[in-house]
Amino acid sequence: MSTIPIFADENWRLPSRGRVAMLSLIIGETAIFTIFVVAYVYYIGASKYGPTPQILDVPWFNTVCLLSSSIAIVFAERAIERGRIRAFGACWALTMLLGIVFLAGTAIEWKRLIYTDGLSIRTNLFGTTFYSLVGLHATHVVVGLFMLSLVMIFTLLGRVEQRHTERIQVLSLYWHFVDAVWVVVFTVVYIVGK
Amino acid sequence: MADQTFPIPGTPDASLSRGAALLEQLHSWVVTVDHKKLGILYIVYAIVFLLVAGVEALAIRIQLAIPHNHFLSPELYNEFFTMHGTTMVFLVGMTFIFGFGNYLVPLMIGARDMAFPRLNAFSFWMTAFGGLLLYFSFVGGFGLYGMGAAPDVSWWAYAPLTAKAFSPGHNTDYWALSLIVTGFGTLGAAINTLATAFSMRCRGMTLLRMPLFVWLMVVTSGLTLIVITPLTAAQVMLIIDRYLGGHFFDTQAGGSATVWMHFFWIFGHPEVYVLILPAFGIASEVIPVFSRKAIFGYPAMVAASVGIAFVSLSVWAHHMFTIGMTSVGNAFFALSTMMVGIPTGIKIFNWVATMWGGKIRFATPMLFCTAFVFQFLLAGLTGIMLAVAPWNWQLHNSYFVIAHFHYTLTGSFVFCIFAGIYYWYPKITGRMLSEKLGKWHFWLFFLGFHITFDTMHFLGIIGMPRSIYTYEPDRGWNTLNMIVSAGGFLQGIAVLIFAWNLFDSYFNGSIAGNDPWDAWTLEWSTPSPPPDYNFAEDPVVRSRRPLWDLKHPNDPDWKYEP
């Protein structure tokens with residue numbers, strides 16, 4: 001009749017709270033990005049005066065760097081799962097390096113846009129939406145890099161061990177999210193909007 | 001026992017002087033990461049702001065009681081209705097639900113604390129300081145031109161009124177910044193609630209055995225994740241416009257004021273469901289206990305809650321029928337809004353079916369819940385009326401709309417919150433609230449509520465618009481406005497009785513014991529107030545009513561539940 005065991009189920013398993021929380025955060029962040037992306041798409045071509053999105057160069061190199069950092073962090077996750085801390089540290093450093101290259105690329109792009117093309121956040125509607133959306137993503141990269149660097153410091157101090165695998169994986173989820181959002185931002189800003 | 005030789009952390013040292021002990025006590029509340037203390041802080045904070053926003057509402061009603069009144073200046077009037085709305089939604093509503101959630105979710109699922117206690121404390125203090133920031137604007141909001149103090153752009157803050165040219169000074173910035181700050185607090189609380197409910201359940205507490213209150217906190221937190229964040233995004237855009245010279249909502253540079261409306265109501269409409277769903281949760285706990293029956297149709301209740309959350313995401317533009325959408329847009333939002341009536345109808349039927357044939361005890365919590373069921377039904381019916389686009393064109397921004405949403409927020413949300421406080425106060429403090437004062441509170445508040453908000457419907461139908469400073473004596477609104485204001489004061493007196501009851505019963509109430517209501521969920525199995533660790537042993541659960549199983553070993557629920 002009843003399939004419920006009289007004594008407590010010995011196989012009582014619950015999802016990891018870190019993962020649940022990070023996934024919740026990602027859902028919330030997705031909503032923020034959705035609003036900014038909708039604003040960008042809605043205002044494509046709405047500026048009353050220039051410069052127009054035609055001045056943008058497609059940042060292929062940046063994009064390749066950021067997306068490959070996701071691959072690097074997957075290798076880092078696998079390394080720590082098997083307890084290979086040195087390999088983990090190397091992959092983690094590579095991830096950070098690729099993230100920093102991405103940020104530097106964005107900085108160079110913005111410098112050119114501001115000083116050569118005269119596009120700032122207050123120039124026109126395109127400037128407002130462009131810097132807000134790309135800047136929102138860049139802010140997330142900065143936050144991500146800050147978190148990654150904390151782990152890097154602990155790794156160099158020899159405090160990161162195999163038992164921290166789950167925490168590392170939860171943090172990696174965030175980094176994967178930042179990369180995935182870039183695919184959307186890239187498509188909207190540099191492919192559709194141009 | 002070995003542990004008796006150690007001092008128990010959190011117990012004040014007996015050797016301290018009276019002053020030092022008080023300081024120690026205060027310090028423990030500031031640094032606490034205990035979900036129960038934080039829950040109490042949330043609720044006390046909400047009650048304080050309930051009184052503040054109530055005073056604002058009464059000032060508005062004095063101003064409107066007679067035509068050509070000058071009780072408030074026009075500027076202060078604008079500030080008061082803005083602050084009343086903002087306070088009630090963000091500082092009263094949101095803090096009440098997360099206060100109850102914080103206190104009850106871990107206890108109900110048999111956990112010792114929330115999943116992330118420090119994030120919990122962080123979330124509370126973000127919310128608390130966001131509220132203080134908002135109210136600091138009354139003294140600190142003098143801007144460039146010395147104009148105005150508190151925000152005065154109403155709680156939806158439509159563009160382009162919020163542009164720097166039309167709202168100089170810093171009061172609008174106080175509004176935007178404080179809502180961003182409380183928004184982060186709310187986001188943290190929602191993440192924490194989800195992680196707690198999914199990852200901290202005691203043995204045997206499967207998802208479909210969770211108490212309905214926990215379920216509704218889960219649904220509400222999930223909804224919070226996707227609706228508070230668009231508000232934060234829109235506020236960031238507003239601040240970019242105001243401080244960095246952006247053009248998001250600048251119509252002269254190609255921006256659109258309508259986009260703000262969409263972004264605001266994408267947040268604003270689901271927000272009322274964020275508030276009302278935990279209120280449903282409270283009703284779903286109180287009604288079965290006081291009807292002496294298990295809740296009718298538990299799976300349908302869960303499914304209806306999730307359904308409401310989903311449907312609520314596609315109804316926002318029913319606040320905007322008058323902007324002139326296409327007829328397809330009008331039809332879509334009219335129909336999607338009416339669809340909300342289906343899952344909420346399921347809920348109302350289930351509550352009534354729970355009461356049907358039960359041995360109902362009309363203690364104060366049950367009185368509030370019974371009134372809630374009927375008032376919520378009426379609120380839903382006027383909601384469906386307003387969803388009809390042509391009807392809405394006629395009554396948009398009239399007192400009919402005000403009456404409708406106060407029926408949902410006061411008549412439903414606040415009634416359930418009062419029910420929840422009367423129901424769980426014995427658990428939180430260890431003492432019962434006075435039933436006599438409780439009955440006075442209920443009947444006065446109930447009468448005042450109906451005098452005020454029933455009358456408002458008629459004012460709206462005969463054409464009184466909302467947010468007006470005063471009106472001409474020959475419009476035929478005089479008597480009705482006087483009645484509305486009189487009802488407001490009746491509610492004010494009732495809330496004062498309630499506040500006195502909370503204070504007085506803390507010292508003089510009768511001792512509650514573990515389980516004064518003969519209830520069935522886990523929080524009633526621990527002492528009142530619960531010890532720091534909640535449960536001496538981790539509970540094990542076999543059905544939706546674990547305490548019923550304990551009390552009736554010959555007839556436990558788990559024999560019948562699927």
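1. Confidence in chain A. The model is predicted, and the mean pLDDT of chain A is 93. A score of at least 70 is reached by 95% of the residues of chain A. Residues 1-7 of chain A, however, have a pLDDT below 50. Beyond near neighbours in sequence, this stretch makes 4 contacts in the model.

2. For the complex, the predictor reports an ipTM of 0.93 and a pTM of 0.94.

3. Overall form of chain A. Chain A contains 5 helices and 0 strands, and its order along the sequence is α-α-α-α-α. The radius of gyration of chain A is 21 Å, whereas the globule rule gives 16 Å for 194 residues; chain A is therefore more spread out than a compact globule. Along the principal axes, the C-alpha atoms of chain A occupy a box of roughly 75 × 50 × 20 Å. Of the 194 residues of chain A, 35% are buried. Among contacts in chain A between residues at least 6 apart in sequence, 83% connect residues at least 24 apart.

4. Helix α4 of chain A. This helix, residues 125-156 of chain A, comprises 32 residues. From first C-alpha to last, α4 of chain A extends 46 Å, close to the 46 Å expected at 1.5 Å a residue. Just after α4(A), A:G158 adopts a positive phi of about 75°.

5. The contact between the chains. How many residues does each chain bring to the contact? Chain A contributes 30 residues and chain B contributes 35. On the side of chain B that touches chain A, the elements giving two or more residues are α5, α6 (212-243) and α7 (257-291) of chain B. The most comes from α6(B), with 9 residues. By class, this side of chain B has 22 nonpolar, 9 polar and 4 charged residues.

6. The largest nonpolar core. In soluble globular proteins, nonpolar side chains tend to be buried together. The largest nonpolar core here has 210 residues. The residues with the most contacts inside this core include B:V214, B:V286, B:F368 and B:A419. Helix α13(B) supplies the largest share of the core, 20 residues. Residues up to four places away in sequence aside, B:V286 touches B:P365, B:M366, B:C369, B:A419 and B:Y423.

7. A buried histidine in a loop. B:H319 is located in the loop between α8 (298-312) and α9 (327-339) of chain B. Is B:H319 buried or exposed? B:H319 has 21 C-beta neighbours inside 10 Å and so counts as buried. Setting aside neighbours within four places in sequence, B:H319 contacts B:W265, B:G268 and B:H269. The C-alpha atoms of B:H319 and B:H269 are 8.2 Å apart, although 50 residues separate the two in sequence.

8. Cis peptide bonds in chain B. Most residues other than glycine have a negative phi, and most peptide bonds are trans. A cis bond links B:A159 to B:P160, with omega about 0°. B:P160 belongs to the loop between α4 (117-140) and α5 (171-199) of chain B. The bond from B:S528 to B:P529 is also cis, with omega near -15°. B:P529 sits in the loop between α15 (478-508) and α16 (546-551) of chain B.

9. Positive phi values in chain B. B:N397, which is not a glycine, has a positive phi of about 55°. B:N397 lies in the loop between α12 (389-395) and α13 (399-429) of chain B. With 14 other C-beta atoms within 10 Å, B:N397 is partly exposed. Phi of B:D518, a residue other than glycine, is positive and near 55°. The position of B:D518 is in the loop between α15 and α16 of chain B. B:D518 counts as partly exposed because 13 C-beta neighbours lie inside 10 Å.

Note on methods
Residues numbered from 1 in each chain as written. Chains lettered and ligands numbered in written order. Predicted model: local features only at pLDDT ≥ 70, side-chain atom pairs only at ≥ 80, totals over all residues. Helix = DSSP H or I, 4+ residues; strand = E, 2+ residues; numbered from the N terminus. Rg over C-alpha atoms; globule rule 2.2 N^0.38 Å. Buried ≥ 20, exposed ≤ 12 C-beta atoms within 10 Å, placed from the backbone. Contact = placed C-beta atoms within 7 Å. Nonpolar A, V, L, I, M, F, W, Y, C, P; charged D, E, K, R; others polar. Core = buried A, V, L, I, M, F, W, Y, C linked by C-beta atoms within 7 Å. pLDDT = per-residue confidence, 0-100. Expected span 1.5 Å × (residues − 1).
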